[in-house]
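Let's take a walk through this structure together.

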Amino acid sequence: MEILIYGTVNSIVFALIAVGFTLVYGVSRVPNFAHGSIYVLVGFFTWSLVNDLKLNYALAIFISIAISAVVGLLIYRVVLIRLRGMATSEIIASFAVSLIILEGLRMQGIAGFKGFIGPFYALPPFVEGKIQIGDVFVDYQRLIIVGTGVSVVLLLWLFTHYTKTGLSLRAIAQDERAAMMLGVHSDRTAMISLAIGSALAGLAAVTILPLGNIAAEAGYRVLIYALAVCIIGGLGSWGGAILASFVIGFAMKISTALFGALWESVVLVGTIILILLLRPSGLLGKQKEIEERV
Amino acid sequence: MALKDRRKKRLDRSIKVRTGGLYALSSWSEMGYLIAPRLGLILILAALPLVLDMYWQRVLCSAGIFALLALGFDFLAEYAGLVCLGGALFIGVGGYISGLLNSTFGWPALVTIPLATFFGAAVCTVILLPCLRLRGIYFAIVSFMFPLFAVFIIIALGVFGSTEGITGLDSFPNIWVEVYLIIGVVVVALFAMRRLVSEDIGVILRGIKDNDQAVRASGINVTAYKTRAVFIAALIGCFGGAYLSHLYGWLGLSLFAMDFSILPIAATVMGGMGSLVGPVLGAFILTPMSEALRGFGQLRVVLYCLILIGFMLYKPEGLMNYLQRKYEQYEHWEEV
C-alpha cells in the first residue's frame, strides 16, 4: 500500500519534471538542457522573495514562475536563436547555460552534496498537515503535487490540440517549412515553447521543492530524470512520457524499499539501458522516431 | 562606410595553391610553407617545459590530459556525430584500472598504463555500447549520466577505496619523464588522428554523421563503425586517466569530476570544432588560465561556460580555423 501510494506520488513528480522538457524538445525540437537549472533557479528565487523581501508566498511563487518564463525566453532569444538547426551546438550551448546558472548558484551558497555551506534553503509546504489513506499517512503537499501534475498534463494536452498557439507548436515540430508557409512564425513559436517549458519547470519546482531542500545538485538530477522519461517513453508522445514516469517512479520506489536509497540511481540507469536494448525507440515510440534517434 | 556598401573578398594565397599537390616538393619555400605550422607546434610544445618552472610544468601535464580529452571529444562529435558530454568516464575508468593494478599487484606504471589504456577503452566501449544506437541529445545525456552514476555506484558498493580513494601509487621517476611523456602522446595522438580521419574509416564516420540511413543502405554496419570510433576516443581518454592517476600517485572519485567533461568541450569550441588541432590548442590555452583562477573555486566552471558560449555565438569557427584562414588566404574589403 505504501509503495502504491508513494510510487504514484513519485511518478507524478517525474511527470511534472519531464513535461516541460518533453514539450520543448518533443514539440519544438529545441533541446533545453537548462531545464534542470531553471528548476533550481525558481526554487531559489521563491525562497529569496519570501525570506529576503518578505513577500506573500503565493505572490512569490507567481513572480518566480513568471521569471522562469522570461529566463527561458531569453535563453532562446540570446543564445539558441543563433544556433538553430545545429544540433551539436544547441546541446553544448544550452548545457553551458545550465552550468552557468547552477554553478553560479552554488557560489551563492546553495551547495550540493559536495560540501554544505550556509543555511538550509527550504520552501514551506502550501498546506501543513497530513491525511490518512488506508494505513498510510500522506501529507497534503504530496496530494497537491498529484493534483497539479494531473491538471498540468490535461491542460497541456488541451492546449496543444485545441488552441491556435498550441497547434502551431506542433506544426513547427512536424514540418517547419510547411508551417512557415502557412504563416507560423518559427522563431516566435520556438520562443513561446521555451517560455512555456521553463514556466512548467518553475511550476514543478515550487510544487516539488517543499518536500526537501533546494540544492544545486538537484538541477543535474532533474535534467537526468527529464531525459530518462524522454528516452524511456519515446519522443514527443504524451502517453509514452506519462507511462515512462510511472515505470521509473515505481521501479525506483520498489528498489528503495528492497535495497535502500543508494541503489535508486543504479536502477534508473539500468532501466534506461534495458529499454534501449529491448526497444530503442522507447515504450510508445513510433517508427518515425526510430529514424530520428537511432 | 556602411557595411552594405562593401564586402570582404578572400583569395587563396598562390603558395597555398602551389602546395596543394605533389608540386609542393618542387621548392624549399613551398615545403617550408607546409611544414612550418606543423613543426612549429611540435617545437613549441617540446620547448615549453624547458622554459617553465616546476609548478607550471605540472600544469602543462594536466593541460596535456585535457588536450587528449578534447581531441577525443572533437573526433567523436565532428567525425562520428556522437556528442559525448561524459569525458570524465574515460579518465575515471582509465585512472581506476591503472591505479588498482598498481596498488593491488604492485605492477609498475610502465605496465599498468598500457594495460589501463587498452582495457579501459574496452570497458568504456562496452559501457557505451547500448547507447550507440542513440543520436543527438539522447547520446549526449546518457553519456553525461555515466560519470555521475559511476560515482554513485562506487559509493554504494563501497569498493575501490570508496569515498577516500587510494593513495600511494607509484609516480614517475622525475618531472621530465612526466612532461615529455604526455607531450609526446599528445603529438602522436594528434597526428595519428588527423591521418585517421582522412582514411576510409574517417569518410565512413563522416557519412554516418551526416546521414546514417544512407550509410546503412550501402551495406555498412553503422554500429560497428561507431563502436570503433568510441574505442579510439576512449583509448586516448583512458591513457589520460591512467597517466593522471600515476602523475599524482592517487585515485579517487574526483577522477569522475565535471571538469574533465566540460573543459575539453570548451577547449574544442574555442579552438575550432572539427579541426583536431584546435582543441589541443584550446586545451593548452584554457588549462593554464583556469590554473591561474584556482582561487575562484567552482566559479571556474562558470568561466569556461562563458568562454564557450561567447565563442559559440561570436566566433563559431574557433581560433584554429581563423588562423588557418589567415595563413592560407588574402582578405580585403572591396566596394560593391
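Is Leu276(B) buried or exposed? Leu276(B) is buried, with 24 other C-beta atoms within 10 Å. Here, a residue is called buried if 20 or more other C-beta atoms lie within 10 Å of its own, exposed if 12 or fewer, and partly exposed in between, with the C-beta atoms placed from the backbone. You will find Leu276(B) in the loop between helix H11 (259–271) and helix H12 (277–292) of chain B. Its backbone deserves a glance too: Leu276(B) has a positive phi of about 65° although it is not a glycine. For background, most residues other than glycine have a negative phi.

A word on what you are looking at: this is a predicted model, in which local features need pLDDT of at least 70 and side-chain atom pairs count only at pLDDT 80 or more, while totals for chains, interfaces and linings use all residues. Residues are numbered from 1 along each chain as its sequence is written, and chains are lettered from A and ligands numbered from 1 in the order in which they are written.

Now step back to chain B as a whole. Its secondary structure comes to 14 helices and 4 strands; helices (H or I, at least four residues) and strands (E, at least two) are DSSP runs, numbered from the N terminus. The radius of gyration of chain B is 21 Å, close to the 20 Å that the globule rule gives for 336 residues, so chain B is as compact as a globular protein of that length. That radius is taken over C-alpha atoms, and the globule rule is 2.2 Å times the number of residues to the power 0.38. Along the principal axes, the C-alpha atoms of chain B fill a box of roughly 70 × 55 × 45 Å. Of the 336 residues in chain B, 45% are buried.

Follow helix H3 (residues 54–79) of chain B next. Of its 26 residues, 20 are buried, so H3(B) is largely enclosed by the rest of the structure. At 1.5 Å a residue, those 26 residues should span 38 Å, and the end C-alpha atoms are 37 Å apart, which agrees; the expected span is 1.5 Å times one less than the number of residues. Just after H3(B), Gly81(B) takes a positive phi of about 75°.

In soluble globular proteins, nonpolar side chains tend to be buried together.

Over in chain A there are 12 helices and 2 strands, and buried residues make up 50% of its 294 residues. Leaving aside neighbours within four places in sequence, Val229(A) is in contact with residues including Phe14(A), Ala18(A) and Ile248(A); two residues are in contact if their C-beta atoms, placed from the backbone, lie within 7 Å. For a contrast in setting, Gly212(A) is exposed, with 12 other C-beta atoms within 10 Å. Gly212(A) lies in the loop between helix H8 (186–208) and H9 of chain A.

Finally, turn to where the chains meet: 36 residues of chain A are in contact with 35 residues of chain B. Helix H4 (87–107) of chain A is one of the elements that each supply at least two residues to the side touching chain B, and H4(A) gives the most, with 15 residues. The residues on that side of chain A divide into 27 nonpolar, 4 polar and 5 charged. In this count, Ala, Val, Leu, Ile, Met, Phe, Trp, Tyr, Cys and Pro are nonpolar, Asp, Glu, Lys and Arg are charged, and the others, Gly among them, are polar.
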